[in-house]
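The points below may be read alongside the sequence and the model.

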Protein chains: 6
Amino acid sequence: MSQSQQQALAAYSGYTHFIITSPAPLVAHVEINRPGKLNAFYEAMWVELRQVFRQLSTDPDVRAVVLSGAGDRAFTAGLDVTAASEGGVLSAEGLDGARKAAKMRRYIEEFQGCISAIERCEKPVICVMHGISIGLAIDMSCCADIRVCAKDTRFSVKEVDIGLAADIGTLARLPKVVGSQSWVKDVCLTARDFGAAEALAVGFVSQVHESKAAALAAAVKTAAFIASKSPVAVQGTKELLNHSRDHTVEDNLRYTGVWNAAALQTDDVAAALMSGLQKMKPTFEKL
Amino acid sequence: MSQSQQQALAAYSGYTHFIITSPAPLVAHVEINRPGKLNAFYEAMWVELRQVFRQLSTDPDVRAVVLSGAGDRAFTAGLDVTAASEGGVLSAEGLDGARKAAKMRRYIEEFQGCISAIERCEKPVICVMHGISIGLAIDMSCCADIRVCAKDTRFSVKEVDIGLAADIGTLARLPKVVGSQSWVKDVCLTARDFGAAEALAVGFVSQVHESKAAALAAAVKTAAFIASKSPVAVQGTKELLNHSRDHTVEDNLRYTGVWNAAALQTDDVAAALMSGLQKMKPTFEKL
Amino acid sequence: MSQSQQQALAAYSGYTHFIITSPAPLVAHVEINRPGKLNAFYEAMWVELRQVFRQLSTDPDVRAVVLSGAGDRAFTAGLDVTAASEGGVLSAEGLDGARKAAKMRRYIEEFQGCISAIERCEKPVICVMHGISIGLAIDMSCCADIRVCAKDTRFSVKEVDIGLAADIGTLARLPKVVGSQSWVKDVCLTARDFGAAEALAVGFVSQVHESKAAALAAAVKTAAFIASKSPVAVQGTKELLNHSRDHTVEDNLRYTGVWNAAALQTDDVAAALMSGLQKMKPTFEKL
Amino acid sequence: MSQSQQQALAAYSGYTHFIITSPAPLVAHVEINRPGKLNAFYEAMWVELRQVFRQLSTDPDVRAVVLSGAGDRAFTAGLDVTAASEGGVLSAEGLDGARKAAKMRRYIEEFQGCISAIERCEKPVICVMHGISIGLAIDMSCCADIRVCAKDTRFSVKEVDIGLAADIGTLARLPKVVGSQSWVKDVCLTARDFGAAEALAVGFVSQVHESKAAALAAAVKTAAFIASKSPVAVQGTKELLNHSRDHTVEDNLRYTGVWNAAALQTDDVAAALMSGLQKMKPTFEKL
Amino acid sequence: MSQSQQQALAAYSGYTHFIITSPAPLVAHVEINRPGKLNAFYEAMWVELRQVFRQLSTDPDVRAVVLSGAGDRAFTAGLDVTAASEGGVLSAEGLDGARKAAKMRRYIEEFQGCISAIERCEKPVICVMHGISIGLAIDMSCCADIRVCAKDTRFSVKEVDIGLAADIGTLARLPKVVGSQSWVKDVCLTARDFGAAEALAVGFVSQVHESKAAALAAAVKTAAFIASKSPVAVQGTKELLNHSRDHTVEDNLRYTGVWNAAALQTDDVAAALMSGLQKMKPTFEKL
Amino acid sequence: MSQSQQQALAAYSGYTHFIITSPAPLVAHVEINRPGKLNAFYEAMWVELRQVFRQLSTDPDVRAVVLSGAGDRAFTAGLDVTAASEGGVLSAEGLDGARKAAKMRRYIEEFQGCISAIERCEKPVICVMHGISIGLAIDMSCCADIRVCAKDTRFSVKEVDIGLAADIGTLARLPKVVGSQSWVKDVCLTARDFGAAEALAVGFVSQVHESKAAALAAAVKTAAFIASKSPVAVQGTKELLNHSRDHTVEDNLRYTGVWNAAALQTDDVAAALMSGLQKMKPTFEKL
């Protein structure tokens with residue numbers, strides 16, 4: 001899918017670091033747009049990322065989101081270390097240890113909150129990875145609902161190699177998106193590379209494609225398929241699955257009962273059932 | 001295993017929608033018995049299902065349970081939508097939104113409770129799936145301890161296609177019975193079909209067999225094997241594993257210590273050790 | 001890796017049941033040393049095991065640990081049932097049921113605490129299994145961070161076969177280190193054997209090697225690789241991943257922010273970045 | 001309030017151990033009716049209690065419930081120990097310790113579930129205590145929303161005096177309905193009596209009255225006042241407060257948002273606002 | 001304390017609905033400034049409230065905050081119902097029940113988040129109540145750390161009287177800031193008024209003063225006293241107490257250890273100890 | 001009660017910093033024995049404290065424990081700051097911030113664990129406070145089950161005054177042992193003194209006595225009373241109440257059912273019932 005085939009989304013034209021287009025009806029495609037620097041992130045970028053996903057979250061014209069990185073070489077190489085060190089967070093001259101820690105903690109929490117916006121987006125997010133996908137790439141993709149990748153993807157939970165424990169979400173979420181903790185500990189403690197086949201085998205991604213283009217096309221196709229369904233059903237499903245991760249079964253069942261008590265008061269059920277009988281594509285109101 | 005080879009269980013002869021037999025010593029086989037309607041469920045069925053599993057839970061003559069669907073075509077096609085709409089829950093004329101919601105919430109909670117009876121049954125439950133296994137089929141099978149299936153099984157978390165988020169347990173339990181959340185989100189958000197091989201690859205089922213008959217035979221064999229072991233050990237193991245899912249490791253260790261403080265006061269340990277030395281099959285008292 | 005190639009660790013020479021050596025810089029190798037009895041455990045052994053891992057936990061000269069069993073036949077055959085029955089815990093003559101239970105509960109909790117010392121060790125632990133690896137072998141290995149095994153390993157969650165529910169950690173941790181709960185329930189309820197290939201397929205181990213020697217060599221290599229990295233980064237990563245298992249994502253993110261607020265005040269980040277630029281191996285201070 | 005002033009509730013005439021009347025519009029009064037035995041409970045009584053409160057929970061003609069004990073001498077003297085020992089739960093001849101424990105555990109859980117029905121009742125429950133109010137009296141009253149008592153009430157968490165830890169809810173709920181844990185531990189560990197003034201001082205009850213009659217009249221007045229308000233508002237308030245006890249603030253806020261998303265779609269808000277403007281008593285539809 | 005005695009805080013001069021001054025060194029005083037309407041809130045106000053407390057949270061020149069309402073008549077009369085109904089949230093013409101619910105849920109969550117900003121403020125907040133303090137007044141004050149009031153305060157958890165369950169935090173927090181749940185349920189279910197003496201007796205407020213002026217003066221004095229102490233100690237104490245509310249003791253101890261591992265690397269301990277020895281007032285760096 | 005009236009407990013004669021005697025049958029009295037230094041603590045003392053309470057926890061000859069401080073002036077003045085600074089934990093020359101933090105964290109956790117031994121002691125602990133009771137005095141007393149004090153007691157959560165947030169348990173437990181959080185925040189944030197009357201009013205202590213001697217005598221009397229009752233009942237009650245604090249009601253009910261399934265297999269119930277009928281004092285076996 002070439003960029004030119006996609007329709008620009010006017011409401012998102014003001015962003016600097018991300019290109020937001022619509023490759024299919026009701027689907028938004030968010031591209032990290034710093035290919036010359038391997039899509040590496042600095043602070044202004046993650047602050048903007050939060051804005052983008054907050055807007056998508058309640059945009060009635062969007063029902064599914066695809067997230068990818070511009071260019072051939074990288075989804076993202078993660079944190080732009082040079083920019084970060086210039087930003088001066090790590091240097092905190094003249095402060096005692098406690099005050100340095102307070103400064104750092106506030107910084108990390110703000111950063112985490114920006115990335116978590118992907119997860120908090122009420123619409124499903126499909127993350128397409130290719131090429132270099134390290135560090136922040138893992139934090140970000142763990143916030144997405146579905147992960148697919150190109151065959152050439154080189155993944156790494158890279159943080160240990162620069163002297164720190166990953167703190168923007170990888171250690172919180174990766175153990176909960178794949179099953180094998182022996183593997184999770186291995187890749188997090190060694191910071192070693194792993195490829196698309198390994199990512200598929202352990203269930204980190206659920207599809208591997210021949211190229212970035214193929215992966216993106218598949219993601220858009222899945223997004224469009226999801227976007228064709230009842231948004232009440234789809235958004236409820238995302239919410240209840242996310243709730244499930246952090247609650248007991250009993251708690252989730254209760255929450256589900258309360259959620260669906262309202263959600264079932266929708267015209268979408270009738271529309272869906274009718275379209276099933278009539279073999280027609282249903283139309284659902286905005287949400 | 002043909003139905004004729006199985007021994008009817010007198011204590012369960014009064015049920016209408018389920019056939020309960022004993023294909024092996026101390027094993028109960030529960031068959032959903034509405035094959036003409038693809039074993040689709042309506043309210044009276046799930047209410048009865050709860051009764052069946054409550055009775056099995058404390059029946060001293062049952063140590064393991066196999067659950068399957070009658071007929072060649074389906075484990076179950078899920079909710080009988082026609083019956084449900086006639087039941088009138090979705091129509092709540094004259095009520096305001098809050099009162100409709102209260103009515104709906106109570107209904108969902110009652111329904112959830114009926115299906116959860118499979119999980120609450122103190123004896124291990126092996127679910128055998130074949131053919132059409134969609135919607136409620138997933139909710140139900142996630143309550144079982146072990147899932148096996150026939151090669152021809154067609155699974156689907158179907159609810160999104162009828163305009164609703166699955167609310168009888170799939171979204172609460174599926175993310176906790178398989179590892180790959182990318183896959184879980186995919187099948188729940190798209191409502192797409194998946195087959196036996198995929199179910200095995202992601203760990204949703206742990207065995208795939210050539211036919212329903214073969215799957216059922218294997219399940220009965222495993223059930224009989226489990227039933228030959230100490231019921232104190234087996235039922236304790238089920239309880240502690242279920243507790244583990246919803247608690248921290250620390251909490252589960254504590255609970256385990258308290259549980260086994262009583263459970264180890266059993267004659268089964270001596271019986272098991274003795275039979276091991278004597279190469280004889282042990283006999284255990286009822287539980 | 002033959003034992004002779006390893007350097008004895010003087011600080012650990014006083015232990016009776018374990019041989020502790022250093023097969024690589026900053027790596028400790030703990031060997032269960034009762035090969036004549038298939039490395040089966042009795043009480044004095046697990047009490048000593050706790051001491052060993054507590055010492056390793058804060059030993060500044062150790063950055064990664066490998067745990068294996070001496071001899072060709074077994075990682076460990078688990079609890080030495082003969083010794084246990086002589087120890088008299090199960091016989092509690094003259095006590096009423098409540099007092100027997102109190103005695104048993106205290107015993108189990110003490111035992112659990114000893115094995116949990118492996119998990120509480122602040123340094124990563126790689127467990128190498130081979131031959132007979134049953135019962136307590138599973139409890140212990142689930143406390144390790146990474147599990148690898150030899151092709152010949154015969155695993156079993158054996159406790160049901162001796163009339164009890166596993167109570168030293170397997171039922172608490174196994175469901176959380178692999179994804180497929182159908183498989184977990186299967187092996188825990190049947191006590192059946194499973195081999196290396198199956199263990200790899202479900203993600204219980206992350207590597208299988210041709211022989212015990214090869215598995216051990218690979219483990220030492222990984223341990224040495226981890227030990228070459230920033231201990232601030234490595235130990236933080238272990239801590240945050242373990243915390244993640246038992247907390248919500250939100251909670252873990254908060255904890256992570258507080259943890260890294262101090263951890264980032266390390267010289268290791270600069271050392272790591274510098275070594276990256278200079279293509280030299282960094283040196284990190286003790287921790 | 002004499003019994004004669006109350007209106008019998010036809011739908012509840014079939015109960016044996018409880019008299020259910022309506023002392024005020026939309027208010028149900030449940031009286032424990034075994035005054036000759038100090039309202040002591042045996043199994044048939046708590047099983048029936050569950051039925052009563054389940055029926056009240058969804059009875060659209062009931063908006064608040066008052067619970068008290070018949071006769072002058074006791075709210076309830078708790079468990080009828082004689083009946084319990086005849087029931088044979090404590091004797092379990094011929095069973096080993098584990099099987100006795102299983103029998104006992106199932107019995108306790110069933111018993112707990114019956115008493116918890118008071119808490120699960122969707123309508124507010126005001127418990128009126130007088131005279132002897134010991135053992136099960138505390139378990140039961142802790143399930144109520146509001147506790148009031150007569151000046152003559154003699155309370156005791158009595159279980160320790162008969163050789164057991166209270167297991168029907170007092171130890172779970174009492175620490176959560178009063179603030180001072182030093183007091184809670186004192187009365188639970190010593191089984192000493194305490195009176196109305198002490199109960200009020202620590203906040204266990206929120207009103208003390210001169211006599212049982214006065215306490216009952218006050219409770220009915222409060223119940224009637226609550227029953228005059230929007231049932232959507234009242235029942236939601238009870239549910240959200242109970243949820244709050246067992247969840248974090250964050251979790252409760254989320255649940256509240258979902259709950260009220262439906263609850264605010266009620267005509268009651270308009271009715272309440274209008275009646276406020278018009279200084280008239282509003283009328284609310286059934287719930 | 002008259003407004004004129006207070007020093008305006010330049011950094012906060014841009015706010016519309018709140019007056020922010022500094023009545024004492026390092027203390028900020030936030031006044032709700034809509035006395036003509038009993039300080040009733042509409043949407044723009046709570047959005048601004050969030051901004052104010054976010055700014056205070058990290059303002060190095062503020063170490064304690066006092067929150068009160070302008071004018072003699074009310075701390076706040078809560079939600080401005082007229083403004084709310086004009087805002088149109090409750091009317092959602094043309095939407096089905098599910099879509100109305102989604103709109104409402106997003107609205108509630110946004111509203112909750114604005115009020116929670118008081119709790120999230122890293123500096124201690126002392127809430128001074130007087131006159132009418134109903135509805136949102138309770139939600140807001142429960143977010144503060146310390147509550148004091150004037151003798152004339154009239155409190156009410158008013159929401160039930162307008163047909164809804166309080167959803168901006170009262171039901172989440174009130175049960176956790178006072179001990180007696182019988183009292184909490186009483187005031188929440190009846191919506192009745194209660195006064196200063198009752199609020200003090202149950203521990204909702206910890207001080208009652210003769211007048212608003214006296215209450216405000218006392219609050220400023222306490223705030224100034226807190227502000228004179230180590231901000232590392234004070235802010236850590238607030239954080240750890242808030243964490244405690246929502247976590248187990250074990251969890252909080254762990255979190256505390258990690259928190260103080262950095263916090264103790266402060267010069268404040270030495271400064272505090274030295275000032276103690278020298279009987280001088282210590283000076284602490286900004287935080 | 002003078003020390004001379006008490007019987008020395010031989011099994012505890014080896015301790016250095018604590019005097020352990022038996023003032024009544026089955027009661028142990030632990031006295032902090034550094035009156036010349038206001039019973040201030042240094043590291044060797046809290047390490048020994050842990051040993052003392054671990055021994056008491058399983059000592060079959062002890063059924064209740066009283067904890068007090070020797071001398072007239074202080075229960076304890078808390079941490080001996082001079083000793084602490086000499087111990088060198090706060091100075092960590094040459095370490096970077098992360099390594100200082102690791103050292104500090106391990107130190108705090110060890111310290112916390114020693115004090116928590118009071119709470120983990122399976123026998124009820126009654127804490128008697130008098131005179132100076134600040135800092136660690138609050139941490140320690142919050143671990144006890146029941147708190148009583150002399151009229152002259154001067155309490156303070158003192159840590160803020162020395163530049164740190166209390167980290168040995170006060171902030172974890174104080175909010176859970178009293179109801180009014182406004183009061184908790186007040187005393188923790190201001191570090192102000194409070195007296196016996198205030199402590200009683202908020203429920204921090206449950207008795208105030210004229211003098212230390214009277215408080216001690218009352219505590220011994222209560223301890224002896226508790227010790228005269230079934231140890232199965234008493235120890236179970238303590239365990240279940242502590243479990244309740246950190247779990248939901250549902251969870252605690254389940255745990256209680258499992259706990260009592262064994263505990264009810266005691267001869268104590270029969271002994272207690274028989275003694276009740278015969279008006280004789282029952283005798284219970286050791287536990």
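What distance separates the centres of domain 1 of chain A and domain 2 of chain A, taken over C-alpha atoms?

1. The model under review is predicted. The centres of domain 1 of chain A and domain 2 of chain A, taken over C-alpha atoms, are separated by 27 Å. Domain 1 of chain A covers residues 3–227, and domain 2 of chain A covers residues 231–278. Between them, eight residues of domain 1 of chain A are in contact with six residues of domain 2 of chain A.

2. The next point concerns a sheet in chain B. Four strands of chain B make up an open sheet, ordered β5-β7-β9-β10, with mixed pairing. The edges are taken by β5 (74–76) and β10 (193–195) of chain B; each has a single partner strand, so one side of each is left without a neighbour in the sheet. On average, neighbouring strands of this sheet are turned by 25 degrees against each other, direction ignored.

3. Within that sheet, β5(B) and strand β7 (residues 132–134) of chain B run parallel and are joined by two bridges. B:Ala74 has B:Ile132 in β7(B) as its bridge partner. Helix α4 (residues 136–143) of chain B lies across β5, β7 and β9 (154–156) of chain B. The helix runs at about 75 degrees to β5(B).

4. Is strand β8 of chain B largely enclosed or largely open, and why? Five of the five residues of β8 (residues 146–150) of chain B are buried, so this strand is largely enclosed by the rest of the structure. In a regular strand, side chains alternate between the two faces of the sheet. In β8(B), B:Ile146, B:Val148 and B:Ala150 point one way, whereas B:Arg147 and B:Cys149 point the other way. All of these residues are buried, B:Arg147 included.

5. The pairing of β8(B) may be described next. Strand β6 (residues 125–129) of chain B runs parallel to β8(B), and four bridges join them. B:Val128 stands opposite B:Val148 in β8(B). Three bridges join β8(B) to strand β11 (residues 207–209) of chain B, and these strands also run parallel. Here B:Cys149 has B:Val208 in β11(B) as its bridge partner.

6. Contacts between chains begin with chains C and A. Chain C contributes 47 residues to the contact and chain A contributes 38 residues. Several elements of chain C each supply at least two residues of the side that touches chain A, including β8 (146–150), α5 (170–177) and α8 (212–227). By class, this side of chain C has 24 nonpolar, 16 polar and seven charged residues.

7. Chains F and B meet through five residues from chain F and five residues from chain B. On the side of chain F that touches chain B, five residues are nonpolar, with no polar and no charged residues. A rotation of 180 degrees, with 0.0 Å of shift along its axis, superposes chain F on chain B with an RMSD of 0.0 Å. This is the relation of a two-fold axis. F:Ala262 comes closest to the rotation axis of the residues of chain F, at 2.6 Å (C-alpha). Of the interface residues of chain F, 100% are also interface residues in chain B, so the copies meet through the same surface.

Conventions
Residues numbered from 1 in each chain as written. Chains lettered and ligands numbered in written order. Predicted model: local features only at pLDDT ≥ 70, side-chain atom pairs only at ≥ 80, totals over all residues. Domains from an automatic or database assignment. Contact = placed C-beta atoms within 7 Å. Pairing = 2+ DSSP bridges. Axes fitted to C-alpha atoms, helices over the stretch in contact; angles between N-to-C directions. Nonpolar A, V, L, I, M, F, W, Y, C, P; charged D, E, K, R; others polar. Least-squares fit on C-alpha atoms with pLDDT ≥ 70 in both. Buried ≥ 20, exposed ≤ 12 C-beta atoms within 10 Å, placed from the backbone.
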